[in-house]
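Please look over the model shown below before reading my comments.

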Amino acid sequence: MSDSLRHRVQALGLTLPSPSQPIANYINHVVSQNQLFISGQIPLIDGKPAYVGRLGESLSEEEGVQAAELAALGLLAQLSDALGDDLSRLVRILRLGVFIASSGEFQRQGAVANGASNLLVNALGEKGRHVRTAVGVSSLPAGVAVEVDAIFELQP
């Protein structure tokens, strides 16, 4: 497998977007010792929020899965940017956090989070396997349905 994340994503028939820029007082990523922390990423299409709404109300579970995949693609764009598109420094994803805007009755947050998890494993192979938290919340930035963040382990 190529050490270029961009090539791996292209092999899946997807395009790695340009990394989004912070819209408030924070940075996209930070490295501390051998860990890379990437800020929360929302689903964007052409730089604009996509999949606006809540699961169990205005959005279906399948739309939630697509939103999670799109947010994870943004996460991969940040990873590529942080590593100069060179995956040789990546050991693995340690933790993935998936936040799903959903009604109180919606209980399939884990199924929605699989959209992000599956994309990460498909793009990164074994390095993409991770522990995960999938949490239902009442709202997210820009009204989107999903936000993801992650912690990665890097080579020393």
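Predicted model: local features only at pLDDT ≥ 70, side-chain atom pairs only at ≥ 80, totals over all residues.

1. Residues are numbered from 1 along each chain as its sequence is written, and side-chain values use heavy atoms, with hydrogens and water left out.

2. An open sheet of 5 strands, with mixed pairing, has the order β1-β2-β7-β5-β6, and its edge strands, β1 (29-32) and β6 (131-137), each pair on one side only. Strands here are DSSP runs of E with at least two residues, and helices are runs of H or I with at least four, numbered from the N terminus; two strands pair if DSSP finds at least two bridges between them. Direction ignored, neighbouring strands of this sheet are turned by 15° against each other on average.

3. Within the sheet, strand β5 (residues 90-101) and strand β7 (residues 146-154) run antiparallel and are joined by 9 bridges. For Leu90, the bridge partner in β7 is Leu154.

4. Helix α2 lies across β1, β2, β5 and β7 and runs at about 35° to β7. Helix α3 (residues 109-124) also packs on the sheet, where α3 touches β5, β6 and β7, and the direction of α3 makes about 155° with that of β5. Contact means heavy atoms within 4.5 Å; axes are lines fitted to C-alpha atoms, for helices over the stretch in contact, and angles run from 0 to 180 degrees between N-to-C directions.

5. The largest pocket has a volume of about 280 Å³, and of the 14 residues that line it, Ser20, Ile23, Tyr26, Gly40 and Ile42 are the closest to its centre. A pocket (on a 1 Å grid over the protein atoms alone, an open set of points where a 1.4 Å probe fits, with protein on both sides within 12 Å along at least five of seven lines) is lined by residues with an atom within 4 Å of a point. Its volume is the space filled by probe spheres set on the points, which are joined across faces, edges and corners. Strand β2 (residues 35-41) gives the largest share of this lining, 3 residues.

6. The second largest pocket holds about 230 Å³ of space and is lined by 16 residues, with Pro17, Ser18, Leu44, Ile45 and Asp46 nearest its centre. The largest share of that lining, 5 residues, comes from α2.
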